[in-house]
Amino acid sequence: MARASDWVPAASSVIFLLFLFADAARTPEPSLRALATHGGKPNLVLPLVCSRSNSTRRSVLARRLLGEQVTARASMRLYDDYVTNGYYTTKLFIGTPPQEFALIVDSGSTVTYVPCSTCEQCGNHHQNLRFEPDLSSTYEPVKCNDDCTCDKEQKQCVYESQYTEMSSSSGVLGEDLISFGKESELKPQRAVFGCANSETGNLFNQHADGIIGLGRGELSIMDQLADKGVVTDSFSLCYGGMDVDGGAMVLGEITPPPDMVFSRSDPIRSPYYNIELEEIHVDGKLLHLDPRLFNSKDGTILDSGTTYAYLPEEAFMAFRDAILSNLHSLKRILGPDPNYSDICFSGAGSDVSELSKTFPVVDMVFGNGEKLSLSPENYLFRHSKVSGAYCLGVFQNEKDLTAILGGIIFRNTLVTYDRQNERIGFWKTNCSVLWERLHSGGGPTLGVLDFTNSRVNDSPTPVLPDLFESGVITFDMILNIAYAELLPHAKELEELIAHELQVDINQVNLINIASKGKSTMLRLAIFPAASSGFFSDTTVMDIVSVLSEHRVQLPENFGSYQVVRWNFERPSRSTWWEWRTMLLLVGILLAAFLRFTALSMWPDASRPLDAPLPEEDFCPLARFI
């Protein structure tokens, strides 16, 4: 009869294999951080302003060929918003050691510029210090050559950029290492930029330091990166919604969502990013306009550096009248600025999500027949002085017949500038939540690469990419109530949050609570329902929107709240049947092990009954369970 000592090695091996199997069955797929690469290539995501450039068929074809050699993408966060500042900015770092700048990101500009330390006419209210060429060991002036305009001494190339709002910047051209920040995986790249010695107009007075140009032209940062082959000749912008700042931008190719709509964009026709807009519908009714209104020399222009939308006179009047005809229940009021004749309405309420019940849907139809639907937040802005009032963010273009679509039109819309394939794509999504999902862990760029199986609306059996599925959602919340006062009501708070988020009370768990001065810091976790094991993209967006937009109605004794941090864990991929099978195998193997152990306790027939038992190392079963 075998002794227990004979079975311990075998049993240990079996249990070791069992744990390998169990671990494999429950190990999640690669984390979101691992999804930051696509095809082995790191990615880049940035934020959102304006200059002009020339484009030739030769350069476009050259970048198409270079697109096949691309090895990277990168990501940077958007800051600010259109309503408060009139622009979005991103952080860019120039030189060695890097000097930080907050730059307006503009799809209509080519030259990226920052104020130079030698500037005698630059604004004094910019966010950061001016660029010091002498402090960068990698800076080099762009020497005078046949392809540039030279300074008076014929030593260095110079630039001058004029912008549509009559501001300008001018200075010298330099070359240095440009870094995209800690959140980006794109390595620093040498690029040419403007070192401004003069600013006028809005550029002189603005808080932002300068401009990062993403338009078409040799000096565009996008052209420089694409020509070097470090990114694919494509980038995507995603602006936050009304009342929500921030967003994201991807430099490099992404796999578009299946329901993204596209319009052709002709780089030869115009130096600006243009689309083929054919029709506009308001509340399902076609505006009877000649399509040539949107088909001027440059076509219909997209410009992220322009805040609002501007239509030719005839198109604007038809659009305005169609909107007004749908708003009988609202009252016309004066705009927030007496210097402008804004078209404003009161009585719509403060909840942005409810605006579609009052304001009509606007559809833009492209030349290929595809349609982009705009919600009210895409053509309205809040009245800054009257609560629950809104104004039209679409105006008449008094300068020429060109239709210009500014950033407000594309709030909560992923816009892909697919320069390589001469098209621009549009996909409705929650851009602020998208950024939170990308960078919830505070690490390098995550996701935003493959939207192939994404869905805007939830379904009973959603088929979603890993980017949008989430397991446990945790968030930090600050409540304006003292710790001692809140502590006895912690359980009540869990129940209130569960009710407001429309989840079961068992799905909400208060992980930690601590005093923070006169306030209280909490960390809460929301678990997926046991039946599904994960949250869909729509559910995640709903949860984040309800909390971040302060739609959680707490009793007055809890005070106001603010969410300060999010974290999204990837869901486990093990199904209920996989776990059931694993547990069944665990039971069988443990039963076998116990049987062998029990048998080994019988006396050995070859040994006298009174003989002492050999000493053995006994490992309790608890160690293996």
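Reader: Why is Cys344 called buried?

Author: Buried means under 20% relative accessible area, exposed means over 50%, and partly exposed lies in between (1.4 Å probe, protein chains only). Cys344 has 0% relative accessibility, so Cys344 counts as buried. Cys391 also has a relative accessible area of 0%, and is therefore buried. This is a predicted model, in which local features need pLDDT of at least 70 and side-chain atom pairs count only at pLDDT 80 or more, while totals for chains, interfaces and linings use all residues. Residues are numbered from 1 along each chain as its sequence is written, and side-chain values use heavy atoms, with hydrogens and water left out.

Reader: How do you know that Cys344 and Cys391 form a disulfide?

Author: A disulfide is a pair of cysteine sulfur atoms within 2.5 Å. The sulfur atoms of Cys344 and Cys391 are 2.0 Å apart, and the two form a disulfide. The torsion about their S-S bond is about 100°, so this disulfide is right-handed. The pair links distant parts of the chain: Cys344 is in strand E23 (residues 344–346), Cys391 is in strand E27 (residues 390–392), and they are 47 residues apart. Helices (H or I, at least four residues) and strands (E, at least two) are DSSP runs, numbered from the N terminus.

Reader: How many disulfides are there in the whole structure?

Author: The search finds 6 disulfides. Counting bonded cysteines along the chain, their pattern is 1-8, 2-3, 4-6, 5-7, 9-12, 10-11. One of them joins Cys119 and Cys122, with sulfur atoms 1.9 Å apart.

Reader: What makes the link of Cys148 and Cys157 left-handed?

Author: The torsion about its S-S bond is about -75°, so the disulfide is left-handed. Its sulfur atoms lie 2.0 Å from each other. The link of Cys119 and Cys122 has 95° about the S-S bond and is right-handed.

Reader: Why do Cys119, Cys122 and Cys157 count as buried?

Author: Cys119 has 7% relative accessibility, so Cys119 counts as buried. Cys122 has a relative accessible area of 3%, so Cys122 is buried. For Cys157 the value is 1%, so Cys157 is buried too.

Reader: What makes Phe235 and Tyr417 a stacked pair?

Author: Rings of Phe, Tyr and Trp (its six-membered ring) pair if their centres lie within 6.5 Å; planes under 30 degrees apart count as stacked, over 60 as edge-to-face and the rest as tilted. By this rule there are 16 aromatic pairs. Phe235 and Tyr417 are 4.6 Å centre to centre, with 5° between the planes, and the pair is stacked. Phe235 lies in strand E14 (residues 235–239) and Tyr417 in strand E30 (residues 413–418), so the pair ties together parts that are 182 residues apart in sequence. Both Phe235 and Tyr417 are buried.

Reader: Why is the pair of Phe319 and Tyr379 called edge-to-face?

Author: Their ring centres are 6.0 Å apart and their planes stand at 90°, so the pair is edge-to-face. Phe319 lies in helix H5 (residues 313–324), and Tyr379 lies in the loop between strand E25 (371–374) and strand E26 (380–382), so the pair ties together parts that are 60 residues apart in sequence. Both residues, Phe319 and Tyr379, are buried.

Reader: What makes a set of residues a nonpolar core?

Author: A nonpolar core is a set of buried Ala, Val, Leu, Ile, Met, Phe, Trp, Tyr and Cys residues joined through side-chain atoms within 4.5 Å. The largest such core has 83 residues, and Phe319, Phe359, Phe410 and Phe426 touch the most other members. H5 gives the most to this core, with 5 residues. A second, separate core of 33 residues includes Leu479, Leu510, Phe535 and Val563.

Reader: Which residues does Phe410 touch?

Author: Contact means heavy atoms within 4.5 Å. Not counting residues up to four places away in sequence, Phe410 touches Tyr239, Leu302, Met364, Leu372, Asn378, Leu405, Val415 and Phe426.

Reader: Is Gly425 buried or exposed, and why?

Author: Gly425 has 0% relative accessibility, so Gly425 counts as buried. Gly425 lies in strand E31 (residues 423–428). Leaving aside neighbours within four places in sequence, Gly425 is in contact with Met260, Val261, Phe262, Leu414, Val415 and Thr416.
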